[in-house]
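I opened this notebook to record what I looked up in the structure. The entries follow the order in which I made them.

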Amino acid sequence: MIVGAIALAGALYITYGLWLDPYGHTVAENVGDQALFEWNLAYGVYLVEHLSNPFFTTLMNTPHGVNLATNTALTVDAVLFAPLTKVAGPQVSLVAIITLNLAGSAVAWYLFFGRWVVHSRVAAAVAGLFCGFAPGFVAHSNAHLNFGSGWLAPLILWRLCKLRDQGRLRWLRNGAALGMAVAVGFSIAAEGLFMTALAGGIFVIVWVLAPANRAALPRASAGLGTAAAVAGALLAYPLYLHFAGPDTFGPTGFFQDVFSEDLTSFASFGHQTLAGLAGLTPTHQLSPNPVEEASFFGLPLVLLVLVGWVALRRRADPGRRTLLHGVAVVGAVFMVISLGPHLRIGGYDTGIRMPYAAVINLPLFDAALPARFALVLVGVVGVVLALLADELLTGRWRPATPAGRITAFAGVLVPLLPLLPLPIAYGHRTTEPRFISAGAWQRYVPDGGVLSEIPLASNVSVDGERWQAYTMVRGGKQFRIPDGFFLGPDTPDGHGVVRGRIGAPWQYLDAIFLWAAKHGQAPKVTDQDRRRARANLAYWHVDALFLPDAITGPTGMLSQPAVEQIAVDLLGPPERVDDVLVWRIRPGVDPVALEKSEG
C-alpha cells in the first residue's frame, strides 16, 4: 500500500501539467504522438459500438485504409478504457494511462523483486521505484503509451519464472498464463514485447546452463510450448495482418543510425531529471529528441552498478551467482544492440561497424529502433540495486550500528538523486472547433463521407486526426479522412523493397498546404496547380474541406492566414460556418474528365 501510494503520487506529480487541462494542454515534446494515441483510444469506443475490425480501418487514409496491426494500436488499452473515453474523451484517457503506466510499472517491479529477487521489502521498493521512474521510461511517458507501459516486462518475467514451478499440470496452467500475457503485450507494445522476449530468452539460456537448474528444464520447456501455442492462437489473425496483410511493409522508415544510443549517453543525465534542471545534461546531442533518451543513467549510478555487481558476485551463493551472470549477459548484449549499426561517441559517428549491422535486415530487427533496446537495462540496473540494498539491510553486509546502516544505504540512494524526474513539459493546442463539436459538419458530409481539415492530417499537422477521434467517441454519423498520422508502406525502392513511412505518400495538396502553414507564405498558384488539387480531391473522394481559426503544429501554432490564402487561390472563396471556413467539394469527380472540361 505504501509503495503504491508513493508510486501514484510520483506519477501524478509527473503528469500534473496535463491534468490541469487535458483538453487544452499537449505534451510539448510530442504533439503528434499524443494525437495518434488519442485517435487509437477513440477507435476503441468506435470498434466496441460498431463491432469493427480492431486491426484494420478505412476511417483514415481513405480510400486505402490503415493496417492497425502494423501500428501501435493499443487494442487492449483502447477497449479497457472505452467507458472512460466515452464519458470524458480520449484526452482524459490518455493522461490517465500515462499516469497509471508510471505508477503501475513501479508497483509491478516492486512485486517482482520482492517475490523473485530479494527478501527485504524496502530493497524491493527502492529498486521498483527506480524502474518505474527510470529516466528512459519517464522520457517515453511523453505520449508514448506503448513504451511507457513499463509494467509489461515484470509481468512477462513473472510468468516466465513461474514455469519452473513443480506440481501436476502446473506447466500447462503457467504456460497458458504466459501465452495470454504475451498476447496482451503484443496488443499494447509489440516492439517492447520483442525486446522483453529476447531478454528473457537470453537469461533463460544462461539460467539453464547452471547445473542446479537443469532439472527444471523439461517443465519449463513444456510451459514455453504451451505459451507459444496459446499466444499463437490468440494472435494468429493480427500476426497475419502484421506480416502478410494489406499495407504491410518491411524495414522501418526511421533511420536506425539516428535512433541509436551514443556510448556516452549511458553515463549522461537526461533532460527530464533533477540533473537536467541543474544544467548537467551533455552539450552534444546524444539522442534524436528528448523523448528517446532511453538510457541516460548518469555516471554515479553506472559506477555503483558495476562495482556493486563485482562485489555481489564475489560473495554470492550458486543460485544468486547464476542470477548475476544472467543479468550481466543481458545487460551487455542489450547495451551493444542499443548502439545501433555504427558506434557514436560524444555525438560523433566513428564509422565503426557494430554487431547490430549484422542483424539489421533480419525480421523484427529491421522494424525496431536500436536505442529503445536500452530500456531493458532498466531492469538489469534494478536487479543490482535490489540485491545491493538487500545485502545492506538484511544480508551479510548489514552494518552493526544504525548509523552504519544509514550511511551504507545512503550510498545506494545518492546516485539516484540526480535522476529524480521532472514533470512532463506541456504546451497549448487548438481546441475543438464548434463546427465539429456541435455537429454542423454533418450538413456537408454524408455518413461515411470524406471530410478534412487543412492542412491535411499528418505527423506535423495532427488536428484533423483529433477532430475525427472526438466524433468517433460521440457516436452516430461518422466521416473519413485522407492521409493521417500512422505507419504505412512507402513506394517500392529500386530493388522492390517496401520500407515503412509515416503516413501515406504525399500528394500535391499535402505538400502545398503544409508548406504554407510552416513558412507563413502562400506560393503563386497556376491553373495546372488547380487541376492537380482537384485531382487529389477526386482521388480521396473529398466532400468538404474546412479551416479553423488556429492550427496546432509540432512546436507551436502554424500559419492559418497563409493556408487560407492558398486554399482560396486553389479552390475559390469559402463560406463561414460557426468558427471555421468551409469549401464544398464535388465528390467522386473523374480527374481526367475534369481536366478536359477545364482545359
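**Entry 1: a helix pair**

I found that the axes of helix α19 (residues 508–519) and helix α20 (residues 527–540) come within 8 Å and cross at roughly 115°. Axes are lines fitted to C-alpha atoms, for helices over the stretch in contact, with angles from 0 to 180 degrees between N-to-C directions. The model is predicted: local features need pLDDT of at least 70 and side-chain atom pairs pLDDT 80 or more, while totals for chains, interfaces and linings use all residues. Residues are numbered from 1 along each chain as its sequence is written, and side-chain values use heavy atoms, without hydrogens and water.

I listed Y508, L509 and D510 of α19 as meeting D529, R532, A533, N536, L537 and W540 of α20, contact being heavy atoms within 4.5 Å. These residues divide into 5 nonpolar, 1 polar and 3 charged. Nonpolar covers Ala, Val, Leu, Ile, Met, Phe, Trp, Tyr, Cys and Pro; charged covers Asp, Glu, Lys and Arg; the others, Gly among them, are polar.

**Entry 2: a sheet**

I traced an open sheet of 4 strands in the order β7-β10-β14-β13, with mixed pairing. Strands β7 (450–453) and β13 (575–577) stand at the edges with a single partner strand each, so one side of each lacks a neighbour in the sheet. The twist averages 30° from one strand to the next. β13 pairs with β14 (residues 580–584) in the antiparallel sense over 3 bridges; pairing requires at least two DSSP bridges. V577 has V580 in β14 as its bridge partner.

Helices (H or I, at least four residues) and strands (E, at least two) are DSSP runs, numbered from the N terminus.
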